[in-house]
Amino acid sequence: PKVVAIAPGSIDRAKGSRRAVRIWLMILFALVVAIIVVGGMTRLTDSGLSITEWAPIAGAIPPLNAADWQTAFTAYQATPEFQDQNSAMTLADFQYIFWWEWGHRQLGRTIGLVWALGFVGLWAMGKVPTGWVRRLLIVGVLIGVQGAIGWWMVSSGLQSGMLDVASYRLATHLGMAFAILGVIAWYVFSLGRREGDLMQARRNGEARLFGMSTGLMHFAFLQVLLGALVAGIDAGRAFPTWPLMGSGFFPPDPFTITPLWRNFFEDAGLVQFIHRMSGYLLFAFGIVVWLRARKSANGATRSAFHAVLAMFVVQMGLGIATVLYSAPLQIAIVHQLGAVVLWVLIIRGRFLARYPVPQSIRGAKA
């Protein structure tokens, strides 16, 4: 029979390729977390409409002199937000909100650049593992689409009668950020082990727990979108009481806006109420998934879902504190960061339900 020679070190190179791509994706992961936090700060400081044009290339250069600053300020003064809400704003005030929005956009440009340079560089050096080119291209496409969604969101706030961006567009923008983060996290987890090891691990996967954690992931994503609707209309400051909303379980007069469907996006009391109720249901479902995970014979899988439950408790506490203190910037941004941590922990638990880590018989649960 014909003997096929294997090039010395080819296995090591394959392993090195997975490691190189993983490090690159981890850098992208950190940048996406950073832009979610900065985006939250941009919203909380009402800075999102301070830049009134979409200039992906030229916009990377901020105002460099007094004339440039005045031009930018004049453009902002033409917006409904300035005319109806911020007419007393000074140039110094404008510069404060400008830097938040510029920083947010600059982070977006950096993410796009890091993806492009990393992908081209790794591909040119032959460092992209077999079957991964398409997956990594998906990340790049999502990043590009996110940039377009960002401007689609900002442009809604520049229209007549608008003082902020449309809340449903804000939800779309934040939802895409979490989707990108989730995809990158899954890839990072996958690249941490050899392809053959993953195939073997899948044979020992827990289908029921994987299905339940998939449902939990989707439910958590919905809660993120609902949270964005709350942030979009500052609904978090509407009823600083808990567990009641004001003096009752339901907010007063929840359906006063016409047509009816607009109440679910624009009535502060109703939007906050939906976010609260969804949070309770999500927490309850999280407990159900945790109870199922406790039965897992795999110690790493059990530990992963213990972390999920612990973060659920922390996030619920942060949500209640955000409401009680009328969504101050510091607590609100920590609450948003808590959503990021919870999201990634759920994805990690889901990954381990599908691909459990090998363990000794001694480490298995009887």
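Are tryptophan 69 and phenylalanine 98 buried or exposed? In this predicted model, tryptophan 69 is buried, and phenylalanine 98 is buried as well. For tryptophan 69 the relative accessibility is 10%, which is under the 20% limit, so the residue counts as buried.

A pair of aromatic rings is described by the distance of the centres and the angle of the planes. For tryptophan 69 and phenylalanine 98, the ring centres are 4.9 Å apart and the planes stand at 75°, so the pair is edge-to-face. Tryptophan 69 belongs to helix α2 (residues 66-77) and phenylalanine 98 to helix α4 (residues 91-124), so their pairing ties together parts that are 29 residues apart in sequence.

Tryptophan 69 has an aromatic pair with tryptophan 99 too, again edge-to-face, with 5.5 Å from centre to centre and 70° between the planes. This pair links distant parts of the chain, helix α2 and helix α4, across 30 residues. Tryptophan 99 is partly exposed, with a relative accessible area of 39%. One aromatic cluster takes in Trp69, Phe98 and Trp99 along with Phe73, Tyr76, Phe82, Phe94 and Trp102.

Aromatic rings also meet charged side chains here. The charged end of arginine 354 is placed over the ring of phenylalanine 210, 3.8 Å from its centre, while arginine 135 lies over the face of tryptophan 132, at 4.2 Å from the ring centre.

A further arginine, arginine 302, is part of helix α11 (residues 299-324). Arginine 302 has 18% relative accessibility and therefore counts as buried. Its C-alpha atom is separated by 8.2 Å from that of tryptophan 290, twelve residues away along the chain.

Definitions and conventions:
Residues are numbered from 1 along each chain as its sequence is written. This is a predicted model: local features need pLDDT of at least 70, side-chain atom pairs count only at pLDDT 80 or more; totals for chains, interfaces and linings use all residues. Side-chain values use heavy atoms; hydrogens and water are left out. Helices (H or I, at least four residues) and strands (E, at least two) are DSSP runs, numbered from the N terminus. Buried means under 20% relative accessible area, exposed over 50%, partly exposed in between (1.4 Å probe, protein chains only). Rings of Phe, Tyr and Trp (its six-membered ring) pair if their centres lie within 6.5 Å; planes under 30 degrees apart count as stacked, over 60 as edge-to-face and the rest as tilted. A charge sits over a ring if NZ of Lys or CZ of Arg is within 6 Å of the ring centre and within 35 degrees of the ring normal.
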